[in-house]
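Student: I would like to learn how to read local features in a structure file. Could we take them one at a time?

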Amino acid sequence: MTSTMDLGGVVVATTLAFTEDSSAPAGLAVDYDKFAEHVDFLMSNGCRGVGPNGSLGEYSSLTDEERRKVIQVAVEAVDGRGIVIAGAHGVGSHQARKWAEWAREDGADGVLLLPPTLYRANEAEVIAHYEEVAKVGLPIMAYNNPFDTKVDLAPSLVAKLAEIPEVVAIKEFSGDVRRVYEIKERCDIDIIAGADDVLFEMMVNGAVGWFAGYPNAFPKEAVELYNLLTDGKWQEARELYTQLVAVFRWDSRTEFVQAIKLSMDICGNSYGGPTRPPRGPLSDEHRAQVTADTERALAALAAR
């Protein structure tokens, strides 16, 4: 097993389609066929790969059987055209390691890994968590989401995690674009833009990849934006980004899963649909705002 991975490009944190079924959890069954179609749609639009079983994929609302099958379907749908980075998040390292082992068995290329969920781990516990999952041998993209986990992978801690050979990248979701420079000063690790509404700033500062939410709805434009940024065409990139950033901002809000799924339905190229608890439907106000932001972005793109 190699611990290197080319993470340049747009890796989409995939949403997951559900269909009404009274016998399924919360009356919603995973629609694996629609999910496979969506993965194919993303790959056909030039995305580098997919990241199933992240927060956007509602992993914490899935049964173990569903969660494993999502990875198997994603690997089959990508069909060698790119990479699959499976969410291996767990309350403790014993659970996260099991998800990483299954991801390896099922053909994933690497794992995305939060610190322990539901527990505010200290620095030593965070390092031990990553060391345990690293024993599986897959490349690991660490994930800094201090809002959900209450654990901040600050640059000093990222540098310690980077000493683990399998930890090859950090998905930075803190929103603090200054961190790119400090992480680069401290260690050699791929920095991945993790929040859509600071993508431009992160890439200008030296991020090399984008682990993305809103490209579920706008994959073609997202790939174009990423390519403009990697080519140093800042002015053209900023013009395109300006048309998208208002809707991208929903990626950093509490209702991001519902918002992105609604935008997908409005764009009409892929199925968004409902969410499982604890996520409920959008309020009328939020629904109207997501709709307006999405339609404004579509109109601006159509007028280019």
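**Reading a helix, an annotated pair and some backbone angles**

Tutor: We can start at a helix end. N122 caps the N-terminal end of α4, with a side-chain oxygen 3.2 Å from the backbone nitrogen of A124. Keep in mind that this is a predicted model.

Student: How many residues does helix α4 have, and what distance does it reach?

Tutor: Helix α4 runs over residues 123-134, which makes twelve residues. From first C-alpha to last, α4 reaches 17 Å, close to the 16 Å expected at 1.5 Å a residue.

Student: Which residues of α4 are buried?

Tutor: Start with the general idea. An α-helix has 3.6 residues a turn, so residues three or four places apart point the same way. In this structure, the buried residues of α4 are V126, I127, H129, Y130, V133 and A134. Seen down the axis of α4, these buried residues fall within an arc of 155 degrees, so they line one face of the helix.

Student: What covers the buried residues of α4?

Tutor: The cover includes the helices α3 (93-105) and α6 (155-161). It also includes β6 (110-113), β7 (140-144) and β8 (167-172).

Student: Where does UniProt place the feature "active site"?

Tutor: The UniProt record, an unreviewed entry, places that feature at Y143 and K171. They span 29 residues in sequence, yet no two of their C-alpha atoms are more than 4.7 Å apart, so they gather at one spot. The lining of the largest pocket takes in both Y143 and K171.

Student: Is Y143 buried or exposed?

Tutor: The test is relative accessible area, where under 20% means buried. Y143, which is found in strand β7, has 5% relative accessibility and therefore counts as buried.

Student: Is K171 buried or exposed?

Tutor: K171 sits in strand β8 and counts as buried, at 6% relative accessibility. Leaving aside its neighbours within four places in sequence, K171 is in contact with residues including L112, M141, Y143, I192 and F211. The side chains of K171 and Y143 are joined by a polar contact of 3.5 Å.

Student: What is N205 in contact with?

Tutor: Leaving aside neighbours within four places in sequence, N205 is in contact with V177, V180, Y181 and K184. N205 lies in helix α8, residues 199-205, and counts as buried at 14% relative accessibility.

Student: Which residues other than glycine have a positive phi?

Tutor: As a general idea, most residues other than glycine have a negative phi, and most peptide bonds are trans. Here, A26 has a phi near 60 degrees, and L118 has a phi near 70 degrees. A26 is found in the loop between β2 (18-20) and β3 (28-30), while L118 is in the loop between β6 and α4. A26 is exposed, with a relative accessible area of 52%. L118 counts as exposed too, at 79% relative accessibility.

Student: Which peptide bond is cis?

Tutor: The bond from P277 to P278 is cis, with omega near 15 degrees. P278 is in the loop between α11 (256-267) and α12 (284-302).

Note on methods. Residues numbered from 1 in each chain as written. Predicted model: local features only at pLDDT ≥ 70, side-chain atom pairs only at ≥ 80, totals over all residues. Heavy atoms only, no water. Helix = DSSP H or I, 4+ residues; strand = E, 2+ residues; numbered from the N terminus. Expected span 1.5 Å × (residues − 1). Buried < 20%, exposed > 50% of the residue type's maximum accessible area, 1.4 Å probe, protein only. Arc of directions from axis to C-beta. Contact = heavy atoms within 4.5 Å. Polar contact = N/O pair within 3.5 Å; in protein donor to acceptor, adjacent residues only side chain to side chain. UniProt positions renumbered as here; feature names shortened; annotations may be inferred. 1 Å grid on protein atoms, 1.4 Å probe; cavity = no way out; pocket = protein on both sides within 12 Å on 5 of 7 lines; lining within 4 Å.
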